[in-house]
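Thanks for coming. I will take a sheet and then a pair of helices, so please keep the structure in view.

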Amino acid sequence: MIGIELEKAIELILYNISFCLKTEKLPIHKCNGRILAEDIISTIDVPPFNRSPLDGYALISHDTLGASKNTPVKLKVVDEIFAGSYSTHKLKQGEAIRIMTGAPMPEGSDCVIRQEDTDFGEDFVQIYRKMSPNENYSFSGEDIKKDSLVVKNGEHIRYTHQAVIATIGKDSVYVRSKPKIAVIVTGDELCEIGKPLTYGKIYDSNLYLISSRLLEFGIEPAFSTYVPDDANIITDIISKIIDDVDMIITSGGVSVGKKDIIHEVIPMLGAKRIFWKLNLKPGSPAIFSIYNEKPILSLSGNPFAAITTFELLARPILAKLCHDPSLLPETTVGVMESDFNKKSNKRRFIRAIYKNGKVTIPSSEKLYLNSSGLISSMMDCNCLVDIKPGNMGLSIGDTVDVIII
């Protein structure tokens, strides 16, 4: 298909790719941000024993009848328990045991009085208030019951999940594997950073633009390189790596010039082209192909065009491969705080800043800064404004659709 709407392109992409069903087992301290691939069932009660929630004295509530500051009850202190230890003494009427937060409740006790309601006695303690059964008493399993479902398969693991998994004694879990993504940037004009820049050459930025964006999503590229505009070289590279990756992203070579060699690469690979060209700017010549059941997303070589179509097309792919809806672009609406006096026959996406429902275009006074070949004006931006086709420009106060990036 040639020249399609963005929504149709996303529909075709999602239809032609499958979930990545691979899983891996990771220690819990390394699984933050990952997607859980199993149900976590507790094999223990939490807490695993009845325990004291505070520092004080374990005792029998009946012994405190009538106790007050003016008429204290005097009990014999027969033992002391710290967290991590326990008492073998069975509490009898008229006795108390000094106990610290988290320590197991001694047999025979049914409450804990906080030490502030006593005289802090060592051999004998004076009790200044009446206690009720089970007061200040943490029961075994009151946090988590044995055999209960603790964390569901598919949960996005955060620090709280890690803490809960740790508290049931589980040191590792199965998570969804991250997809292996290859990034290939093409262009005879590209010069490797760190090398002298000769006339007619430019330093490559797209390799870092795309790879770094993947890293922000928690995906470390499995392979990345830049190559000259040679269809044979690119075909050879893709053929060699395809079995070891889940997706390939290319940049450059997608338009209609003599050096736009991705059009040659696709038939040379025997890949199936799903679509070419989107009815939008920038990045309209994007190509999506399938090779060995793996997606190849080919983006424009212009930096802003590349990152725009990455946000629009690559993120839905990543969300499906990762089983992670949080990777989908977030959409909202905003009110313009600056003008954008540029007509557009096609649907256009422009860089902007979104804050508290307001949208500002930092380059509104210098429209050339919205060129798809420029990237510096993107640094402070955090959104794309979706401008409908046939638009005569935007004015202060207009309501616009916004994609948060």
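**The sheet, then the helices**

The open sheet here has 5 strands, ordered β7-β4-β6-β5-β8, with mixed pairing. Two strands pair if DSSP finds at least two bridges between them. Strands are DSSP runs of E with at least two residues, helices are runs of H or I with at least four, and both are numbered from the N terminus.

This is a predicted model, where local features need pLDDT of at least 70, side-chain atom pairs count only at pLDDT 80 or more, and totals for chains, interfaces and linings use all residues. Residues are numbered from 1 along each chain as its sequence is written, and side-chain values use heavy atoms, with hydrogens and water left out.

At the edges of the sheet are β7 (111-114) and β8 (124-127); each has a single partner strand, so one side of each lacks a neighbour in the sheet. From one strand to the next, the twist averages 40°.

Strands β4 (residues 56-59) and β6 (residues 95-99) run antiparallel and are joined by 4 bridges. Which residue of β6 is the bridge partner of A58? That is I97.

Now the helices. The axes of α4 (residues 231-241) and α5 (residues 262-269) come within 9 Å and cross at roughly 45°. Axes are lines fitted to C-alpha atoms, for helices over the stretch in contact, and angles run from 0 to 180 degrees between N-to-C directions.

In the contact (heavy atoms within 4.5 Å), α4 contributes A231, N232, I234, T235, I238 and S239, and α5 contributes E264, V265, M268 and L269.
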